[in-house]
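Please look over the structure below.

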Amino acid sequence: MTEPSKITSHGVPDHQPAAGGIAARARASVGPKYLSGLNPEQRDAVETLDGPVLVLAGAGTGKTRVLTTRIAHILSQGRARPGEILSVTFTNKAAREMKHRLGQMLGQAVEGMPWLGTFHSIGGRILRTHAELAQLKSNFTVLDVDDQVRLLKQLLQAENIDDKRWPARMLAGLIDGWKNRGLNPTQVPSGEAAMFANGKGGKLYASYQERLKILNAADFGDLLLENIRIFREHPDILRQYQQRFKYILVDEYQDTNVAQYLWLRLLSQAPAAKPSPQAVIPGQAEGLNPESGNESTDRDSGFDAPHRTGMTVAAAAPTKNICCVGDDDQSIYGWRGAEVDNILRFEHDFPGAKVIRLERNYRSTGHILAAASHLIAHNEGRLGKTLRTEDEDGEKVTVTGAWDSEEEARGIGEEIEQLQRQGEKLNEIAILVRASYQMREFEDRFVTLGLPYRVIGGPRFYERAEIRDALAYLRVINSPADDLAFERIVNTPKRGLGDATVQMLHDHARKRRIPLFEAARAVVETDELKPKARGSLRDLVTQFDRWRAQREVTTHTDLAQIVLDESGYTEMWQKDRSADAAGRLENLKELVRSMEEFENLQGFLEHISLVMDRDGGTEEDAVSLMTLHSAKGLEFDNVFLPGWEEGLFPSQRTLDEQGRAGLEEERRLGHVGLTRARRRAKLYFATNRRIHGTWSTTIPSRFLDELPAANVEITESKGGSAWGGTGGYGASRFDDMEAFGSSYSTPGWQRAQAHRDRGQGGRNGGGRGGFEEEPSPFSSAPDFGGSFSSRRRGPMTIEGELVAKSTGTTSEFSIGDRVFHEKFGYGRVAKIDGNKLTIAFDKAGEKKVVDSFVQRA
């Protein structure tokens, strides 16, 4: 029977209740409470439960609320049970937040939602269930990056490959990239395999995978790659999961890579009544490579193309109720394998899909949204939407130029101090940089000002050396085949088991194709080791056997404490007299406390392997300093965006490597940065910046010209002078030559002065310091006449340490005089040398200046 809302009469247009109208408000009043407060687009996304749905959710439009409310609606309407919903997120934090919100909506703790989690956690769960099909045991270890690199170093050494010329970390990156594209060792293109160690890349990848099986281990890429292989080779298992999941929901779909895309496409097809082992893999049926959208070969994708096999295309197969939420304008992780084409192709992959745009922003003011929307509109590869708000326009986005990166940091520091005096919390202030090396200037400045700050993206708790050591002990207990963990602690604390002993164990394990722990058990029964080393190794093997037996009768928290004590590891740090030993002991105690939240040791170890989110920092009120990539998903009242210069942002490396696609991703990164701000967004650029130890003159970013004039205001740096002056940029300290007096009377000086006067008359003041030169790139650089107000400011002095001899003129100032300098602020004269003053400034420290640049305070 046709739904009433679908019935139309000839010549009468379809009707939908107007937003905010009587019908819309009355309709909302009769629905469940969790639907109250949703705007029409959000409600449409929640209530459209049949067929594929793509929700284009702009920044700050409430996508998390839509996802959680949609799950609550499915459950409350009886459309599926909790165990029949697959909900995939990218971070554990997002999964926890969704569970918490669901509990609030449904009025009870969310139980029975086993398939709500990250790609890797859900993939890991499926792989543990079918581990034998991947030549693994169900208690396999998930290796982190450091362990992968250590294993690859061993393989390089075995192949006599110079690991300095061909670093293991480089190979790890290549293998991770291949796995992100769903490629196993036999499917890697020969050209790519030849990129490492003179053509040995493919062989090393195969050896690495073989070694992982021996160690009963998998890396993060395997958690999905092995899933895909199992689904391909065992259609009956795939059919079980297809039948299990009645609804699939995906968050941040724009950030999925090829492997995640293929995994989802396999699960999102309706189960076939009679599956064929030769079934076409979804997403490959059209002969397209999901990486690029172009025709692919068998080797590129690893799947048979239907135009070669004559099979029926899988795109015609019915799809399930899949809902993907994402924003193509926020796809900023292409460098780690994310494919924005996945979201752009959604309607092609899922014919008949409904696309719902969430464009009402609940975060930022009107001017910020207008600037962000105008910027991203310059991208061609997007589905299109325009963010809007019903709140006030607020303050305009400001653009400020600085003479150099030091002045940029000083200006931002002073603006932050001013905001603090106005009552703004430092926790609501963030500085988002394009490259991590930009942070040093701000850290130095904040230390000088005494401003508390935190760097987001620093070392995580579980990456500390003492924590990794303790976890290695627990990993060996959980999985005796974990060679990398065993090697890490075999001589920690010191047991007299040096490199020679470890190498002998490796040789024995490799020859017999057994784990390192079993090799140790065999070697201690021989005379191959010296008595002392043999006794120490025998004791260690015995200890692990005892701990493994205690695991069955002791809680995992007590076991961890026993291991740390009996192994001598706690005692090692107790005897350590270094300044950080006490802190390391506290970290070990915190590790044991953190285990209490988990049912068993394996669950805890899997959580540690999968956790990618940064631990919550201190509650101190502090400025947040981070890269633009780290800021995704965060929001602050005040956001500073320094370094908007060509070569830095957009990144020249990205442009060189990826061309237009790279430029569009950089522009999306700018869009993300702007939309982190609720009330104020402040953009900065410097005309001079030190990069890798070398000063470079820079050009303002092209993105500044792509901002709308009506929503942007040009301001002067509070840290000194920059924008304005000659050629539209900060005045040189040599522009005001009268400051030097008249004692320079050489012919060269007179010619320079004459050139200067002509330059100011004939070139609109474009001359620099009176020296004749070709117009610099900055003389013709955009003065924002098309995008910003074209008003010019008069020359403003920028003072550095003047390299010039004293003229012999006696200064009118005396030691101890209180003075004011336009750039450095207030200070006292500490030393006088002719007309040169050494001044101790209140904030800028001690500087040497010419007396004509200061005035009495």
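## Charges over rings

A charge sits over a ring if NZ of Lys or CZ of Arg is within 6 Å of the ring centre and within 35 degrees of the ring normal. Arginine 265 meets this test with phenylalanine 350, lying over the ring face at 4.9 Å from the centre. The charged end of arginine 125 sits over tryptophan 115, 4.3 Å from the centre of the ring.

## Basis and overview

This is a predicted model, in which local features need pLDDT of at least 70, side-chain atom pairs count only at pLDDT 80 or more, and totals for chains, interfaces and linings use all residues. Residues are numbered from 1 along each chain as its sequence is written, and side-chain values use heavy atoms, with hydrogens and water left out.

The protein has 31 helices and 22 strands. These are DSSP runs numbered from the N terminus: helices are H or I with at least four residues, strands are E with at least two. Buried residues make up 52% of the 857 residues. Buried means under 20% relative accessible area, exposed means over 50%, and partly exposed lies in between (1.4 Å probe, protein chains only). Of the contacts with a separation of 6 or more, 75% join residues 24 or more positions apart. A contact means heavy atoms within 4.5 Å.

## Aromatic pairs

The structure holds 26 aromatic pairs. Rings of Phe, Tyr and Trp (its six-membered ring) pair if their centres lie within 6.5 Å; planes under 30 degrees apart count as stacked, over 60 as edge-to-face and the rest as tilted. Tyrosine 473 and tryptophan 547 form an edge-to-face pair, at 6.2 Å centre to centre and 75° between the planes. This pair links distant parts of the chain, 74 residues apart: tyrosine 473 is in helix α20 (residues 465-478), tryptophan 547 in helix α24 (residues 531-550). Tyrosine 473 counts as buried because its relative accessibility is 0%. Tryptophan 547 is buried too, also at 0%.

Phenylalanine 486 and phenylalanine 544 form a tilted pair, with 6.4 Å between centres and 55° between planes. Here helix α21 (residues 483-489) supplies phenylalanine 486 and helix α24 supplies phenylalanine 544, 58 residues apart. Both phenylalanines are buried. Ring pairs join Tyr473, Phe486, Phe517, Phe544, Trp547, Tyr569 and Trp573 into a cluster.

## A parallel sheet

Six strands form an open sheet with parallel pairing, in the order β3-β2-β6-β7-β1-β8. β3 (116-118) and β8 (354-358) stand at the edges with a single partner strand each, so one side of each has no neighbour in the sheet. Neighbouring strands are turned by 15° against each other on average, direction ignored. Two strands pair if DSSP finds at least two bridges between them. β6 (residues 247-250) and β7 (residues 321-326) pair over four bridges. Isoleucine 248 stands opposite isoleucine 322 in β7.

Helix α4 (residues 92-106) packs on the sheet, touching β2 (85-89) and β3, and its direction makes about 165° with that of β3. Helix α5 (residues 119-129) lies across β2, β3 and β6, at about 105° to β3. Axes are lines fitted to C-alpha atoms, for helices over the stretch in contact, and angles run from 0 to 180 degrees between N-to-C directions.

## Cysteines

How many disulfides does the structure hold? It holds zero. A disulfide is a pair of cysteine sulfur atoms within 2.5 Å. For cysteine 323, the nearest cysteine sulfur is that of cysteine 324, 6.9 Å away. Cysteine 323 counts as buried at 1% relative accessibility. Cysteine 324 is buried at 0%.
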